[in-house]
Amino acid sequence: MMHDRFSESHAMTATAPITQDVLTIPRKQPEGEKRSLVGMTRAQMADALAAIGTPERQIKMRVGQIWQWVYHWGVQEFGAMTNLAKGYRDQLEAAFTLDRPEIVTRQVSEDGTRKYLLRIAGGHEVEAVYIPEENRGTLCVSSQVGCTLTCSFCHTGTQKLVRNLTAAEIVGQLLVARDDLGEWPEPGAPKNETRLVSNVVLMGMGEPLYNFDNVRDAMKVVMDSEGLSISRRRITLSTSGVVPEIARTAEEIGCLLAISFHATTDEVRDKLVPINKRWNIATLLDALRDYPRLSNSERITFEYVMLKDVNDSDADARRLVRLIAGIPAKINLIPFNEWPGAPYQRSDWARIESFADIVHKAGYASPIRTPRGEDIMAACGQLKSATERGRQTRAQIAAQTGA
């Protein structure tokens with residue numbers, strides 16, 4: 001699924017405005033509010049437990065116990081942690097929460113895709129999408145409310161950025177999906193190796209690399225082998241090309257990388273993905289040539305949305321192949337998912353196949369992605385929390401974000 005990134009734009013025209021540079025607003029923790037243990041790394045949880053007086057010699061054991069309850073068994077209350085003394089459970093209850101995002105609406109597509117509208121702290125809303133397939137299930141996770149970027153083909157790009165998600169809110173999307181799918185194991189039941197949520201893609205609302213620290217910490221939790229245990233090879237981070245953070249992604253997360261590429265000339269990419277005005281195609285590709293070596297990942301995925309008469313010619317296909325020469329890559333061709341007022345149309349099927357054929361003959365995998373969840377606006381580029389728009393004043397938003 002292509003990112004759904006990209007903020008308040010004049011997307012009714014085919015020319016997007018210049019990217020609203022790096023605008024990342026953290027969430028301000030209100031005074032007196034309990035901190036969530038969800039989304040903390042083991043080291044952060046150890047510090048939090050030490051701060052409430054947990055004896056130092058017990059901290060590592062307590063982190064392990066809580067970790068297993070939250071991420072293996074999926075419990076939502078400290079009272080359920082039966083191998084902790086009641087007094088200690090009460091102490092945890094007084095200081096912390098295990099809150100998840102709240103499901104506002106849950107839609108199920110004819111093809112089984114599930115779209116969740118989730119409410120997070122401050123009353124903001126984000127979307128997550130679960131896509132079941134024959135041999136895997138992928139959860140598409142959001143990293144920001146709205147998006148800083150303004151890609152002209154993306155519906156999410158018409159929603160202004162409100163703030164970054166915390167690590168708890170990112171991990172919480174996975175916990176909510178597992179709750180809904182009934183995927184937590186039952187004590188005493190035979191071990192079930194089937195994974196309904198087997199893959200995570202950071203391709204929901206927002207640009208993950210504009211919220212790097214929270215995304216990194218959340219993925220450390222998701223990859224931990226004693227909990228959710230989703231390997232780095234089953235996590236794909238999709239970026240529009242925030243070049244300075246690409247090497248950090250390899251070193252500090254090490255997951256697979258997908259690039260919202262979508263054009264083969266700077267002139268066209270400046271319009272489709274305005275961040276290209278900061279880091280152009282040549283600069284981006286230079287950063288990507290190092291990535292497979294840094295992270296030992298197999299291939300970089302280039303996402304390429306097929307827009308009629310914009311970027312879908314045979315000349316574009318041949319230029320694409322020349323540009324990525326030397327980069328271990330596959331090309332995901334994405335038929336454009338239309339949304340009300342979109343300034344583009346989906347390329348004709350014969351045109352998409354001709355493009356795919358040129359890429360394939362050059363030696364690159366070029367699957368054409370089957371649109372999923374279109375009937376519930378859950379397809380790539382369609383995510384947007386409609387209820388968020390126009391609901392809050394600038395002052396209200398500033399109060400909640402610390403902006």
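Modeller: G206 counts as buried, at 1% relative accessibility. This is a predicted model, in which local features need pLDDT of at least 70, side-chain atom pairs count only at pLDDT 80 or more, and totals for chains, interfaces and linings use all residues. Residues are numbered from 1 along each chain as its sequence is written, and side-chain values use heavy atoms, with hydrogens and water left out.

Biologist: Why is G206 called buried?

Modeller: Buried means under 20% relative accessible area, exposed over 50%, and partly exposed in between (1.4 Å probe, protein chains only). G206 has 1%, so G206 is buried.

Biologist: What makes S260 buried?

Modeller: The relative accessible area of S260 is 1%, and the limit is under 20%, so S260 is buried. S260 is found in strand 11 (residues 256–260); strands (E, at least two residues) and helices (H or I, at least four) are DSSP runs, numbered from the N terminus.

Biologist: Which residues of helix 1 are buried?

Modeller: In helix 1 (residues 42–51), M45, A46, A48 and L49 are buried.

Biologist: How do you know that they are on the same side of helix 1?

Modeller: They cover an arc of only 165° around the axis, so they lie on the same side of helix 1. The arc is that of the directions from the helix axis to the C-beta atoms. On the other side of helix 1, A43, D47 and A51 are exposed.

Biologist: What do the buried residues of helix 1 pack against?

Modeller: They pack against strand 1 (35–36), helix 2 (56–72), helix 3 (86–95) and strand 2 (96–97), where contact means heavy atoms within 4.5 Å.
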